[in-house]
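User: I would like to go through some side-chain contacts in this protein. Please take them one at a time.

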Amino acid sequence: MYLTFILMGPIVKRRPTRALQGTGLVWVPTPQNMSSSLRGPVQTNNRAELTACIEALKAIPFSRPVCIITDSKYIYDGVTAYMHRWALQGRHVTNQDLWDSLRSVLRARTVETLWKYVDSHVGV
């Protein structure tokens, strides 16, 4: 049985000088929802999405099958189509530090990780 979570990054708090990003995760069916502020000076939607994904995968046993539902084409396409190619080519991409962390966490998992893309706020 897959543990399913819905990626809920970014959460934006508007400030007069700059927006602050945050992340959120909704776990299905368990009530272990999580949220946190995005750390660091670079506050972007994509960094929030990547951070939410990494933190979720770190929070569960690496031997537990998981299904990640996201409305982020950036995350979905990056993981399912490009991440492996980037590593093989030694290509540097935006948010390289987070893509490296995500790849490391996924490599450490001993069971399948499913990725599902949904249109924003549809079917979730």
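**Side-chain contacts**

The backbone oxygen of Arg 47 and a polar atom of the Thr 51 side chain lie 2.8 Å apart. The model is a predicted one.

User: In which helix is the place of Thr 51?
Analyst: The side chain of Thr 51 has a polar atom 2.8 Å from the backbone oxygen of Arg 47. Thr 51 itself has its place within residues 45-59, which form helix α1.

User: Is Thr 51 buried or exposed?
Analyst: A residue counts as buried under 20% relative accessible area. The value for Thr 51 is 16%, so Thr 51 is buried.

User: How many salt bridges does a search of the whole structure find?
Analyst: A salt bridge needs a side-chain nitrogen of Lys or Arg within 4 Å of a carboxyl oxygen of Asp or Glu. Searching the whole structure with this cut-off gives a count of three.

User: Asp 97 and Arg 47 meet in a salt bridge. How many residues apart in sequence are the parts that this pair ties together?
Analyst: The N to O distance between the side chains of Asp 97 and Arg 47 is 2.9 Å. Asp 97 belongs to helix α3 and Arg 47 to helix α1, so the parts tied together are separated in sequence by 50 residues.

User: How far apart are the closest N and O atoms of Asp 100 and Arg 103?
Analyst: Both residues are in helix α3, three residues apart, which is about one turn of the helix. Asp 100 is partly exposed at 31%, whereas Arg 103 is buried at 17%. Their salt bridge has its closest N and O atoms at 2.7 Å.

User: How many disulfides does the structure hold?
Analyst: A disulfide covalently joins the sulfur atoms of two cysteines. Cys 53 is buried, with 0% relative accessible area, and Cys 67 is buried at 5%. To count, a pair of cysteine sulfur atoms must be within 2.5 Å. The number of disulfides in the structure is zero.

User: What distance separates the C-alpha atoms of Glu 112 and Cys 67?
Analyst: Glu 112 sits in the loop between α3 (96-108) and β6 (113-117), and is partly exposed at 46%. Along the chain, Glu 112 and Cys 67 are 45 residues apart, and their C-alpha atoms are separated by 8.6 Å.

Key:
Residues are numbered from 1 along each chain as its sequence is written. This is a predicted model: local features need pLDDT of at least 70, side-chain atom pairs count only at pLDDT 80 or more; totals for chains, interfaces and linings use all residues. Side-chain values use heavy atoms; hydrogens and water are left out. Buried means under 20% relative accessible area, exposed over 50%, partly exposed in between (1.4 Å probe, protein chains only). Helices (H or I, at least four residues) and strands (E, at least two) are DSSP runs, numbered from the N terminus. A polar contact is a pair of N or O atoms within 3.5 Å; within protein, one must be able to donate a hydrogen and the other to accept it, and residues adjacent in sequence count only if both atoms are side-chain atoms.
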